[in-house]
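Dear colleague,

I am handing over the structure below, and after it I set out what was found when it was examined. Please read the notes alongside the coordinates.

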Amino acid sequence: MITINVTMAVVLAVLYSVGFYLLLQRSLMRILIGIVVLGHGANLLLQLAGGPPARAPVLGTALPEEFADPLPQALALTAIVITFALTTYLLALGYRSWVLTGRDEVQDDLEDRRVAERQRPEGSMEADAEGPDDEEDPGSAAASDRTDEPAEVSGSGAAR
Amino acid sequence: MLALVVAHLVVAAVLPLVSRRSRRAAFGVAAVLPAATLVWGFAHLDAALGPGLEETVTWSAALDLELGFRLDALGLVMIVLVGGLGALILAYSAWYFGKDSRDAPRNSALLLAFAGAMLGLVLADDLLTLYVFWELTSIASFLLVGQGGLHRANRRAAVQALLVTVFGGLAMLLGIVFVGESAGTYRISEIVAAPPPGGVAATGVALILVGALTKSAQAPFHPWLPAAMAAPTPVSAYLHAASMVKAGVVLVGRLSPGFADRAEWWVPIAVLGLVTMLIGGWRALHETDLKRLLAFGTVSQLGFLMVLFGSGDRIGEVAALTMLLAHGLFKAPLFMVVGIVDKVTGTREVGALSGLGRRLPGLAVAAVLAAASMAGVPFLLGFLGKEAAFEAFVHQGGARGWVLALGLLAGSVLTVAYSARFLWGAFADKPGVEPVDPRRPAAGLLAPTWTAAIAGLVLGSVPPLVNALAQPYAEAYPATDATEADYHLALWHGLSLPLLFSVVALAGGLALHVGRDRITGVHRALRHPLSAQRGYETAVAGLERAATQVTGRVQVGSLPVYLGVLLCTVLVLPGVALVTGGTWPQDQSLVSSLLQLPLGLIVVAAALALTRVRRRFTAVLLVGAIGYGIGGLFVVDGAPDLALAQFLVETLTLVAFVFVLRRLPAHFDTQNGTGSSPDAKPHRGVQLRKAALATVTGVFVAVAGVVLTGARQQPPAASGEFVARAPEAGADNVIAAILVDFRALDTVGEITVLLIAAAGTASLVLATRFDRKREAGGGTPEHEREVLG
């Protein structure tokens, strides 16, 4: 009994497709526009889910039976306002980022790239196993008499 | 019993305070509790050898968890090792560590904490309780082997010990759950009394065995034990000879009465135990470091104990308990001897020690007593155990009995050989080697060594004492004939095959030692294509590399890739559900109101154009067109409030965009006048793929919207209520009534979101303005100056 018609379905499909496409771009401004378009699509979907066109739900202008469903409208109204808040905030964030870095592109995470190029993890036990062993035998009786910390700390450089 | 365990841990926690005053006193204080435990154990001798002393503390009644303890014969023998030897070794440590040693405070506290955990482990009668203490001892071992973590040898050995034993521990936990759930109880005594049948329980038993084999350093998991010799010698003597490594053997001893006749239990125990005994003995023959020689000897003896405890044979189990006690009583003093030798000469190398026996005859005699017990010389405890072991398998007969008997004989030959090698290496005069000039060892070092060695002699000379401990444990196994029922430990069983075995072992071992040069030649000629240590290293390195590669593949650091994965997931999971489960509504019309057609066309055209534009300003105008178009659609739908909000918001958004666009370059692809970055020009194929994915997902959302709204059968329940009650809110407009009355709290939340967003936006904009004010020509990046004018 409540069905989204073909025209509106096409509009929804186009809005969501364009939104996702822009979201997948690298330019921060395009991504932001993508979010706005997705927001439009979502608001429209909310409203359409309430039913086909009907009379505005204002008492005295029509019979209650002719009203459009008011609840989705109230929810969509909230959504519109919040989308606006989100948009302005992201806009300010993108602007600030551009002021600071001079580009409005989403960069790949360099640390992640570095991880991908690595053969083995940082502090790897395998790497620790390479190289000469300590001069002193830590299990010896002499080691148990030592009162100071050894001056040379193997592996990660001197401690002090 | 729980109080005793907790007391260990509490005292260990305050021990560092004592260490500040005097390190020696800290070890002294630490030795009190293990000694008290020994006294406590023997005070309950009757109960332990009879019905057993039980104690249950409810841990969590709702989860049916309890801490269950039980003192029985096996527990009592372990208390001799954990408490008695623990007290001796702690006393020994007081003189082993220097007066101001940096390591002493840590070791005294950790050793005592370990003693508490180990005590809990050997007394536990509940599998989950046992598991908790099991892992606590692993952690204590990690900390004690790792010491300060300053030396690579310590770090590597500690990590290896932890990885191997915790791997086994986790397998064991899974096995415990399998066995406990299929038995309906986690009580060891109840499980053993009625062992659960079935495949789940069999898998669980095999998994528990993995834990026992790793903890007791059985092949192929054994290399962690020799590596752990990087720890100070008292630690090695206590954890890695006398007590902790026995945990696996003890667990096998606890469960064997229920499972010894099952192939999944005894076959791996017998095979791996025997292999471990031979490998350990063979390796011990070629070690030049006395401590590592003993470590491989320990590996070998643990294999021996494993075979005995898994035998499920009345005489075999008598031998098992005797050897368990014997091994503690000879291996701990041997380690202490090594510590003293190291202390007074500064070396543990076989090749550097000469003439020590003549200089320190007292120490040499103690070492001979202990080593002779290890070799199985009469009047010492080791002899009693070995005789019983040979008797058990010779008496058992059959293929299994003979293979094990001859295997143990071969292992014993090796044991005698490395015992002789130890004595020769430490004390003999060696031609061509400068005799050592030892300091005098402190009495505090000698006394504990002698005490343990003498205990082995006394117990070995008076068999009825050990018999009284071993028989009650072995009685859990049925005697199959009169020989088994009547078997008692004794120095003289008459001329018999086991006695011949003992003689062969002693003679063969001594012959091996005499021909040691030739044996070394054989050892050198043999190559080891299969090295367990290399296997461990390869496994760890492979794991590290695999983890790095998986991380590199999964975490690529590219936002579009992550989003793509998310969208694909949406398509695969709900998408498949939609295609298989959804039905397309029958009554769908082309258009509900003719006005929808032109408005929809505007929105679609603007949206499609948005993907092609290169100028930022055009893009923003197109977004505006979409927004106004949707506002129009709201009007058609009968939602004037929505349309008003939409027009207002769209206008404000446009204004905000224009403010920002003033500062940004006109085109998307140009970067602040410095030209485009290397990857600014996106690849065409990549863009096509993005477009395809976006289109499919967008279509999916629209189809889902149609199908889901079409699935609705009844008119909305609440909407009529809102309309009917709107007059009570004093509003003609139902939407307004909902927003400011019925759902007013939602609106407050919405206003809060707006305020937070406004505050965030303002702070970001003001930050830029603040920079501009502060900027006096230097410090800020060039582009910023350019931007801010």
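**Confidence of the model**

Chain B has a mean pLDDT of 91, with 96% of its residues reaching 70 or more. Please keep in mind throughout that this is a predicted model. For the complex as a whole, the predictor gives an ipTM of 0.81 and a pTM of 0.78.

**Where the two chains touch**

On the side of chain B, 133 residues are in contact with chain A, and 108 residues of chain A take part in return.

**Annotated regions**

For chain B, an unreviewed UniProt entry places the annotation "domain: MrpA C-terminal/MbhE" on residues 688-765. In the model this span of chain B is 81% helix and 0% strand, and its end C-alpha atoms lie 36 Å apart.

For chain A, the annotation "transmembrane region", again from an unreviewed UniProt entry, covers residues 6-24, 31-50 and 70-93. Of these, residues 31-50 of chain A are 90% helix and 0% strand, with 29 Å between the end C-alpha atoms, whereas residues 70-93 of chain A are 100% helix and 0% strand, with the end C-alpha atoms 35 Å apart.

**A pair of helices in chain B**

Within chain B, the axes of helix α18 (residues 381-396) and helix α19 (residues 398-427) come within 7 Å and cross at roughly 155 degrees. Angles over 145 degrees count as roughly antiparallel, and α18(B) and α19(B) are therefore roughly antiparallel to each other. The crossing of α18(B) and α19(B) is left-handed. On the α18(B) side the contact is made by Lys386(B), Ala389(B), Phe390(B), Phe393(B), Val394(B) and Gln396(B), and on the α19(B) side by Gly398(B), Gly401(B), Leu404(B), Ala405(B), Leu408(B) and Ser412(B). Taken by class, the contact of α18(B) with α19(B) comprises seven nonpolar, four polar and one charged residues.

With kind regards

Terms used. Residues numbered from 1 in each chain as written. Chains lettered and ligands numbered in written order. Predicted model: local features only at pLDDT ≥ 70, side-chain atom pairs only at ≥ 80, totals over all residues. Axes fitted to C-alpha atoms, helices over the stretch in contact; angles between N-to-C directions. Helix = DSSP H or I, 4+ residues; strand = E, 2+ residues; numbered from the N terminus. Parallel < 35°, antiparallel > 145°, perpendicular 65-115°, else oblique. Left-handed = near helix turned anticlockwise from the far one by under 90°. Contact = placed C-beta atoms within 7 Å. Nonpolar A, V, L, I, M, F, W, Y, C, P; charged D, E, K, R; others polar. UniProt positions renumbered as here; feature names shortened; annotations may be inferred. pLDDT = per-residue confidence, 0-100.
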